[in-house]
Amino acid sequence: MEVNDILKLISLTQTEINALSDNVGLYFNSTTGKLNLNGTDMNSQGMDATIYDPNNVQDDAFDYENFLGTFQLTGTAQTVSMSSDRDNLSITANIVNLTTSSQDRRITGIVAPPTGVNRVIFFYNQSSQYRIKFVHQSGSSNAANRIVLRGQAGTRNLLQFQMAVLSYNHLLNRWYVSRIG
Amino acid sequence: MRQFYTDSTGAIAFETAAPTPDYALITGTLRDSLWDAKYNERSEDGQRYYHESQRSLYISFISGTYTFTEVKDYETYTANLADEIFKGNWLTAQDTCDNLSTSGIFDATKKAEIKSDIDNYILNNY
């Protein structure tokens, strides 16, 4: 084998590699996205798209071709009907659409995540007329579920077309609210 | 009148008397910062109320219910009252409204409507 033969090997396409009669060795199969050993793909050893790209989005955080991709929240949004003020509100989704059809409503607390889980929740007010009010350190919710607000304001309002991000702080055991514009 | 109370868990209550079982009156810098925040809130509510009133007045003007002169006279006549509501001084505004005689658009119906709104706000927030 001469140097030119080696150079040709380096530039082989996947189709040409597949056609080789002698393909002993370990290489990356660019067609299947898996490691190939001696001509056979290694099932559980490669970058399986169903595992590493579950959303089939070519630019998200799971994509193996762009691992540090576009940040996105996953899961189905949850709608919470604010038919009354809510204490110890239980939220399972990462995105929450709040609705109220009769008057301004208050959220005094949200169920805290378990230790080690740093939950972040995005709240949207879907009402065009009424406000959602987050309440500071309200005794109506359990201590660990309470919300703290900037400047110790009694309440902070969430209006239509506004979004608030709440994250749980395990040091203080309270929910923090991003500044609402 | 309501004041700020706190319990052993750090909960803050704004009530006319200390809630049971273990709430105590808040004093010192925490009390001051809570009142600062409360007046921000009262002012925000006042601005919202003022703008709603302006909206209603302007719609009446463009629909022909009131003339420009009537609206201008009303705004001049109620300027002090509007200013106090806008700044969040609802208690002072209540007194001003009580002592302001009717004139033009600020007739008995309008006065009663504004007084009722102020009374309700004070009932729920003072």
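I take helix axes as lines fitted to C-alpha atoms over the stretch in contact, with angles from 0 to 180 degrees between N-to-C directions. The model is predicted, and in it local features need pLDDT of at least 70, side-chain atom pairs count only at pLDDT 80 or more, and totals for chains, interfaces and linings use all residues. Residues are numbered from 1 along each chain as its sequence is written, and chains are lettered from A.

Entry on the helices of chain B. I looked up α3 (residues 79–87) and α4 (residues 90–99) of chain B, whose axes come within 8 Å and cross at roughly 160°. That makes α3(B) roughly antiparallel to α4(B), a label for angles over 145 degrees. On the α3(B) side I found B:N80, B:L81, B:E84 and B:I85 in the contact, and on the α4(B) side B:W90, B:T92, B:A93, B:T96 and B:C97, where contact requires C-beta atoms, placed from the backbone, within 7 Å.

Entry on A:L159. I found this residue in the loop between β10 (155–158) and β11 (163–169) of chain A. A:L159 counts as partly exposed because it has 15 C-beta neighbours inside 10 Å; 20 or more would be buried and 12 or fewer exposed. Leaving aside neighbours within four places in sequence, A:L159 is in contact with A:N125 and A:R131.

Entry on a sheet of chain A. I noted three strands in an open antiparallel sheet, ordered β1-β2-β3, with β1 (26–29) and β3 (40–41) as the edge strands. Pairing needs at least two DSSP bridges, and two join β2 (residues 34–37) to β3(A). I also saw that A:N36 stands opposite A:D41 in β3(A).

Methods:
Helix = DSSP H or I, 4+ residues; strand = E, 2+ residues; numbered from the N terminus. Parallel < 35°, antiparallel > 145°, perpendicular 65-115°, else oblique. Contact = placed C-beta atoms within 7 Å.
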